[in-house]
2 protein chains.
Amino acid sequence: MKFSPLLSELIRTLKYLPGVGQKTAQRMAFQLLERNRDGGQELASALHNAMEHVQHCQQCRNFTESELCDICASPKRQQQGILCIVETPQDVMAIEQTAEFKGLYFVLMGHLSPIDGIGPADIGLDNLAELLDKHQIQEVILATNPTVEGEATAHYIAQMCRSRDIKASRIAHGVPVGGELEYLDGSTLMHAFSGRREL
Amino acid sequence: MKFSPLLSELIRTLKYLPGVGQKTAQRMAFQLLERNRDGGQELASALHNAMEHVQHCQQCRNFTESELCDICASPKRQQQGILCIVETPQDVMAIEQTAEFKGLYFVLMGHLSPIDGIGPADIGLDNLAELLDKHQIQEVILATNPTVEGEATAHYIAQMCRSRDIKASRIAHGVPVGGELEYLDGSTLMHAFSGRREL
Ligand SMILES: [Zn+2]
Ligand SMILES: [Zn+2]
């Protein structure tokens, strides 16, 4: 027995969502049908609208349906003269939640990865050059991930900054606050040691 | 910082899906936007169509967009004169995957639960009575879950069958094939002992 055509199609397409397999997709479909058809319709419209209208901010490459995202459009943010470079929109979200950083962002939407054919243009570095030249950026904070690719990307961009006489800094990596040494991976521990400061 | 309005709305409505919290919803939204907008649009249409058109089969209460589901509409299935009663459409799916059972189903879409105000009419027992009277059902197999409510529901329906001179049987509960005794819960073990058969 198969499900009815419309139900099969719903289950099939729910599996486009990351982490959703056959069983989970069935449970999702049945739950919406049994308990929340209005919610299912709201989700259908939200999906349609987002897929249709959400694009990349023309300055920072974060997701937005406007030409410029709210952060890029804010004069207060622009005046700081400081730019934080991250790999993903989720990183922007995480940093914004600390409410510590008040400058602009640039979202690479990835990192350099020659092995996968991902070069400077693919992560928007021509847009970044334009941004650096046009705005009065005094400091660039490199907040890419502490992976091989993230480090390589950070170094590449640091070079771009140096040739423009812009200060480039790298966020610190080490033991998370509240983290226990014994549960840390070796590479984080290495970072913690090599980044040690005198007290 | 908040996400743009369309992105916020997408993340909010993705949380209608069971098991999806804020972080997962963000990951789902970004993944579709970055890698699979066509898939997102397909999912939007599938959701819309299913929420709009999928209803309950007028005979067995399983989900379908037709008046009768494929199983109820099959003359071969009807001729068996055997009806299996389950709690959910997922149960039908699980039984169909074994390809052992060839009769009709009736889907309660729940179980009797006086404490939650769920009585016979809420689980379609008036429809079931009609089905039993109209079709030449010789045996009813009660495949509700081995929970207190599932057992009570099975007994209630067995009574309905008895008053119509229809044989009612309960599926066996016990140690799953390949299951190890030491990892079984006590209630399954109890079922395994009380359901023992002479060799
Ligand atoms: Zn922006
Ligand atoms: Zn049916």
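This is a guided tour of a predicted model, stop by stop, for use in a viewer.

Residues are numbered from 1 along each chain as its sequence is written, and chains are lettered from A in the order in which they are written. In this predicted model, local features need pLDDT of at least 70, side-chain atom pairs count only at pLDDT 80 or more, and totals for chains, interfaces and linings use all residues, while side-chain values use heavy atoms, without hydrogens and water.

**Confidence**

The mean for chain A is 91, and 98% of its residues reach 70 or more. Select helix α3 (residues 37-53) of chain A, which has the highest mean pLDDT among the elements of that chain, 98; helix α8 (residues 186-194) of chain A has the lowest, 79. Helices (H or I, at least four residues) and strands (E, at least two) are DSSP runs, numbered from the N terminus. The model as a whole scores ipTM 0.82 and pTM 0.81.

**Domains of chain A**

Next, select residues 5-53 of chain A as domain 1 and 80-170 as domain 2; these bounds come from an automatic or database domain assignment. Taken over C-alpha atoms, the centres of the two domains are 35 Å apart.

**The sheet of chain B**

Move to chain B and display the strands in the order β4-β3-β5-β6, which form an open sheet with parallel pairing. Two strands pair if DSSP finds at least two bridges between them. At the edges are β4 (104-107) and β6 (167-170) of chain B, each pairing on one side only. Strand β5 (residues 139-142) of chain B pairs with β6(B) over four bridges; there, I141(B) stands opposite S169(B).

**The largest pocket**

Now select T88(A), M109(A), G110(A), E34(B) and R35(B), which lie nearest the centre of the largest pocket among its 18 lining residues. A pocket is an open set of points on a 1 Å grid over the protein atoms alone, where a 1.4 Å probe fits, with protein on both sides within 12 Å along at least five of seven lines; lining residues have an atom within 4 Å of a point. Helix α2(B) gives the most, six residues.

**The second largest pocket**

Finally, select the lining of the second largest pocket, including R27(A), F30(A), E87(B) and H111(B). Here α2(A) supplies the largest share, five residues.

Definitions and conventions: pLDDT = per-residue confidence, 0-100.
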